[in-house]
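Hi,

Here is the structure I promised to pass on. Have a look at it first, and then read my notes below.

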Amino acid sequence: MRKLNSLLLLLVLAIMCPSLAMAQLQRPQDFKGKYKLKEVVILSRHNIRSPLSTNGSALSKMTPHQWTNWSSASSELTLRGGVLETEMGQFFRKWTVNEGLFTENYVPTVDEVNVYANSMQRCIATAQYFSSGFMPVAGLRVNHRYVPSKMDPIFFPRLTKVSEEFKKEALKQIAAMGGKRGIVGINEELKSSYDIIENTLDLKNSPACKEGIACSFDNYNTKILLELGEEPQMKGSLKLANTASDAFILQYYEESDAKKAAFGHDLTLSDWEKIAKVKDVYGDVLFAAPIVAVNVAHPLLVYINDELNADKRKFTFLCGHDSNIASVGAALGIEPYSLPNTIEKKTPIGCKLVFEKWVDKKGEVFVALNLVYQSTDQLRGLKPLDLKTPPMVFELKLKGLTPNNDGLYTFKDVNNRFVEAIPVSYTHLRAHETPE
């Protein structure tokens, strides 16, 4: 009876959360009989870091309360982030061994495994912790171009081609996210989130308010800045609230006492989701507009496509930022999604955009596309991961492409999607580029 009840519960979960069904129930046994795992390419966001702002910054002035005493310097990976990333590496080790891609304690050749990180401390450290959990006896080298911390052009989401025509279209696409009210509409939809952040910060009693910097997030006329060679940027309430949203999210993950993380407030999970929504929207506004995405993601699109077509490669781990995942996903035409079991609905801390290459008995190659991430409960609880207690695995869909009955796209279709996105991000914009 207990076994029957468990099976019924799993069935209900599969019906309620179809995109998570493969993760919860794992692929059926006949899947292994039909396909063999050939290669895995991962684009990862770094794990938990301390906030980007330091003492004396706008963030430190936005509250009379004291932020968490972080275990790392500003913008660097925390100790908790290192532990969580090691656990993710261990999960991928168990999964790839179970699927027959590697044997236990495998030591790969330099051609088989590629670990490459942006030259920021939090990215290099994340890749190091992941590789230690993934292949603990292999001594994998974490490749990066520069001494920390400098942005690598491959991961730097900067605008490489800019023109007046580009700016006009980009601002039009961004404004469309707010409906008829445009940019103002985007901010109006965040009012309840702004209210919670203001109250939790005690913004009205903060040094920022006393100094005339900000007493509330009431500047809804957000300004978008699109300059050649720079990341897309903004000014206004969304920018300022995002700074606090980012810090609160990280503090919630880092601090075991949820009330302490909220400066003594009793916030519900829904409240935390509203706080995180600001950061999700901020990322979409800056990096998910199609014309912007293909522009800033161009170097990574080329690199990922090369890795997927490298004959000897079995596993690639690329470590960058949420902006990288957001822009690559938008450039490839991933359908809109909202992730379950996490307060961050788009690109949770430490999440991984995973391309799985499978080959069937006829030699035809297919691709599964998933977002793998630790749930908020797993992040806060430091819960070990394995095949029986896996991280969240959310199945992603590509606009205009139809997967087979096993949820796989043909490699030809996916490869063509890259081929289509890469020229758009260069040749289309080149015709209207601003002279350098």
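Let me start with one serine. Leaving aside neighbours within four places in sequence, Ser-327 is in contact with Phe-287, Ala-293, Val-296 and Ala-297, where contact means heavy atoms within 4.5 Å. Ser-327 sits in helix 16 (residues 322-332); helices (H or I, at least four residues) and strands (E, at least two) are DSSP runs, numbered from the N terminus. With a relative accessibility of 1%, Ser-327 counts as buried (buried is under 20% relative accessible area, exposed over 50%, partly exposed in between, with a 1.4 Å probe and protein chains only).

Before the rest, a word on what you are looking at. This is a predicted model, in which local features need pLDDT of at least 70 and side-chain atom pairs count only at pLDDT 80 or more, while totals for chains, interfaces and linings use all residues. Residues are numbered from 1 along each chain as its sequence is written, and side-chain values use heavy atoms, with hydrogens and water left out.

Next, helix 6 (residues 121-134). Among the buried ones are Arg-122, Cys-123, Phe-130 and Phe-134. What do the buried residues of helix 6 pack against? Their partners are helix 5 and strands 1 (35-45), 2 (113-117), 3 (142-143), 6 (315-320) and 7 (352-360).

Now the cysteines. A search of the whole structure turns up 1 disulfide, a disulfide being a pair of cysteine sulfur atoms within 2.5 Å. The bond joins Cys-209 to Cys-215, with 1.9 Å from S to S. The link of Cys-209 and Cys-215 is right-handed, with 90 degrees about the S-S bond. Cys-209 counts as buried at 16% relative accessibility, whereas Cys-215, at 30%, counts as partly exposed. Cys-123 is in no disulfide, and the nearest cysteine sulfur, that of Cys-319, is 4.6 Å away. That 4.6 Å between the sulfurs of Cys-319 and Cys-123 is too far for a bond. Cys-123 is buried at 0% relative accessibility, and Cys-319 is buried with a relative accessible area of 0%.

Pro-108 is in the loop between helix 5 and strand 2. At 15% relative accessibility, Pro-108 counts as buried. Beyond its neighbours within four places in sequence, Pro-108 is in contact with Val-113, Met-135, Ala-138 and Leu-140. Pro-108 and Met-135 are 27 residues apart in sequence, and their C-alpha atoms are 9.1 Å apart in space.

On a 1 Å grid over the protein atoms alone, a cavity is a set of points where a 1.4 Å probe fits but cannot get out, and lining residues have an atom within 4 Å of a point. The largest cavity holds about 70 Å³ of space, a volume being the space filled by probe spheres set on the points, which are joined across faces, edges and corners. Its lining includes Arg-93, Phe-102, Glu-104, Phe-134 and Met-135. Helix 5 (residues 79-98) gives the largest share of that lining, 3 residues.

Enjoy exploring!

Definitions and conventions:
On a 1 Å grid over the protein atoms alone, a cavity is a set of points where a 1.4 Å probe fits but cannot get out, and a pocket is an open set with protein on both sides within 12 Å along at least five of seven lines; lining residues have an atom within 4 Å of a point.
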